[in-house]
Amino acid sequence: METKEKIKKLINSNDVCLFMKGTPDAPQCGFSMATSNILKVLEVNFKGINVLADQKLREGIKVYSDWPTIPQLYV
């Protein structure tokens, strides 16, 4: 339950929140890189969250959204 609350807090405290593999400056997968780069080109202020740094968060975001893949973008 604490992971779900952490996810809710991250989403609610940022206008645009990208759960991704890696960071916006050092993405660790092509899809995360593409999403991050699009947001940068559009000059969107977003929070990148590295799901590789926290296994509970990585699995928790999949449960939260009922979607099995990452990246996930919340606006």
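Strand E1 (residues 17–20) and E3 run antiparallel and are joined by three bridges; strands count as paired if DSSP finds at least two bridges between them. Helices (H or I, at least four residues) and strands (E, at least two) are DSSP runs, numbered from the N terminus.

This is a predicted model, in which local features need pLDDT of at least 70 and side-chain atom pairs count only at pLDDT 80 or more, while totals for chains, interfaces and linings use all residues. Residues are numbered from 1 along each chain as its sequence is written, and side-chain values use heavy atoms, with hydrogens and water left out.

**The sheet and the helices across it**

- Three strands form an open sheet in the order E2-E1-E3, with mixed pairing.
- Strand E2 (47–50) and E3 are the edge strands, each pairing on one side only.
- From one strand to the next, the twist averages 20°.
- As background, strands of a sheet pair through backbone hydrogen bonds, either parallel or antiparallel.
- Helix H1 (residues 2–12) lies across E1, E2 and E3 and runs at about 135° to E1.
- Helix H2 (residues 30–41) lies across E1 and E3, at about 160° to E1.
- These axes are lines fitted to C-alpha atoms, for helices over the stretch in contact, and angles run from 0 to 180 degrees between N-to-C directions.

- Thr3, Ile7, Leu10 and Ile11 are the buried residues of H1; buried means under 20% relative accessible area, exposed over 50%, and partly exposed in between (1.4 Å probe, protein chains only).
- Seen down the axis of H1, these buried residues fall within an arc of 95°, so they line one face of the helix; the arc is that of the directions from the helix axis to the C-beta atoms.
- The buried residues of H1 pack against E1, E2, H3 and E3, where contact means heavy atoms within 4.5 Å.

**Nonpolar cores**

- The largest nonpolar core has eleven residues: Ile7, Leu10, Ile11, Cys17, Phe19, Ile49, Val51, Leu57, Ile61, Ile70 and Tyr74.
- A nonpolar core here is a set of buried Ala, Val, Leu, Ile, Met, Phe, Trp, Tyr and Cys residues joined through side-chain atoms within 4.5 Å.
- At least two residues of this core come from each of H1, E1 and helix H3 (55–65), and H1 gives the largest share, three residues.
- Leu10 touches Cys17, Phe19 and Ile49, leaving out residues up to four places away in sequence.
- A second, separate core of five residues includes Val16, Leu18, Leu39 and Phe46.

**Gln72 and Ser65**

- Gln72 sits in strand E3 (residues 72–74) and counts as buried, at 6% relative accessibility.
- Setting aside neighbours within four places in sequence, Gln72 is in contact with Cys17, Leu18, Phe19, Ile61, Lys62, Ser65 and Trp67.
- The side chains of Gln72 and Tyr74 are joined by a polar contact of 2.8 Å.
- A polar contact is a pair of N or O atoms within 3.5 Å; within protein, one must be able to donate a hydrogen and the other to accept it, and residues adjacent in sequence count only if both atoms are side-chain atoms.
- The Gln72 side chain also reaches the backbone oxygen of Trp67 at 3.3 Å.
- Ser65 lies in helix H3 and is partly exposed, with a relative accessible area of 26%.
- Another polar contact, of 2.9 Å, joins the side chains of Ser65 and Gln72, and the side chain of Ser65 reaches the backbone nitrogen of Trp67 at 3.2 Å.

**Backbone features to look at**

- For orientation, most residues other than glycine have a negative phi, and most peptide bonds are trans.
- Ile70 and Pro71 are joined by a cis peptide bond, with omega about 20°; Pro71 is in the loop between H3 and E3.
- Asp66 is found in the loop between H3 and E3, and has a positive phi of about 55° although it is not a glycine.
- Glu43, in the loop between H2 and E2, has a positive phi of about 60° and is not a glycine.
- Glu43 is exposed, with a relative accessible area of 72%, and Asp66 counts as exposed at 68% relative accessibility.
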